[in-house]
Amino acid sequence: MDKVVTSAAEAVADIGDGASLAVGGFGLSGVPDVLIRALHAQGAGRLSVVSNNCGVDGGGLGILLADGRIVRVTGSYIGDNKEFARRYLGGELELELTPQGTLAERLRAGGCGIPAFFTPAGVGTQAAEGGLPWRYAPDGGVAVASPPKEVREYDGRPHVLEHGITTDFALVRAARGDRHGNLVFRRSARNFNPLAAMAGRITIAEVEELVEPGELDPDAIHLPGVFVQRVVALTPEEAAAKGIERRTVRTR
């Protein structure tokens, strides 16, 4: 039951070329930076990533992206990352763009063993009708476009079929965790982390504070340890290192 591993490098050692990853975080909040940097140092490439966004230039998943390690992204937001835009528009990266709520539910469904579900989100758009550019050609044309999806009517309203997502691995970050893998997230850093953890066949969690089993209030646990296979305890310095996406100054 003790799922603690000695280092981030050990935790990601078996992530191979071509693996699929569900990665928690929203912008720079709740991003498993230590695990991402360990994976970058490990050298795995041709990765398929499922994440709300693909980091920022020089941060989060952006460091894997900049080295050409990521070949496919399923996400809902691609702004604030010039390297992402360059690679996508240049035909170097495949992108499956999906509504944010749909992405969240696809991860949750995959983790719960639900193969597919119907949702009204995206009906009447290219998300349902197909034609969204998944990959561009070098000449600027569309090399691969999204296929049309099944649409059915429920209670007089059309709904589009979406499939649950499961991945080979998941990388997440939590504020507190115990040796059994039970996790607690802090405020907005919770975001996609529990959902990404559910979707991974092997889920690796970096935790800012490691506690012993029984120290977490069962009612306070956001993600039970059944979804987590490996736990990495961060150093105080690693736990304190949290990026800020935009610094603003205003008169109060």
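Reader: What makes β1, helix α2 and β2 a right-handed β-α-β unit?
Author: A crossover is right-handed if, with the strands pointing away from the viewer, the path from the first strand over the helix to the second runs clockwise. In this predicted model, β1 (residues 20-23), α2 (residues 33-42) and β2 form such a right-handed unit. Helices (H or I, at least four residues) and strands (E, at least two) are DSSP runs, numbered from the N terminus. Residue numbers start from 1 along each chain as its sequence is written, and side-chain values use heavy atoms, without hydrogens and water. Local features need pLDDT of at least 70, and side-chain atom pairs count only at pLDDT 80 or more, while totals for chains, interfaces and linings use all residues.

Reader: How do you know that β1 and β2 pair?
Author: Two strands pair if DSSP finds at least two bridges between them. β1 and β2 (residues 47-50) have 3 bridges, in the parallel sense. Ala-22 stands opposite Val-50 there. β1 also pairs with β10 (residues 167-178), in the parallel sense over 3 bridges. On that side, Ala-22 stands opposite Ala-170.

Reader: Why is Arg-179 called partly exposed?
Author: Buried means under 20% relative accessible area, exposed over 50%, and partly exposed in between (1.4 Å probe, protein chains only). Arg-179 has 25% relative accessibility, so it counts as partly exposed. Arg-179 lies in the loop between β10 and β11 (183-184).

Reader: Which residues of β1 are buried, and on which sides?
Author: Ser-20 and Ala-22 are buried on one side, Leu-21 and Val-23 on the other. Both faces of β1 are covered.

Reader: What makes a nonpolar core, and which element gives the most to the largest one?
Author: A nonpolar core is a set of buried Ala, Val, Leu, Ile, Met, Phe, Trp, Tyr and Cys residues joined through side-chain atoms within 4.5 Å. The largest has 35 residues, and Ile-15, Ile-70 and Ile-204 touch the most other members. α2 gives the most to this core, with 5 residues. The buried residues of α2 are Asp-33, Val-34, Leu-35, Ile-36, Ala-38 and Leu-39.

Reader: How many residues in the lining of the largest pocket are nonpolar, polar or charged?
Author: Ala, Val, Leu, Ile, Met, Phe, Trp, Tyr, Cys and Pro count as nonpolar, Asp, Glu, Lys and Arg as charged, and the others, Gly among them, as polar. By that rule, the lining has 7 nonpolar, 4 polar and 6 charged residues.
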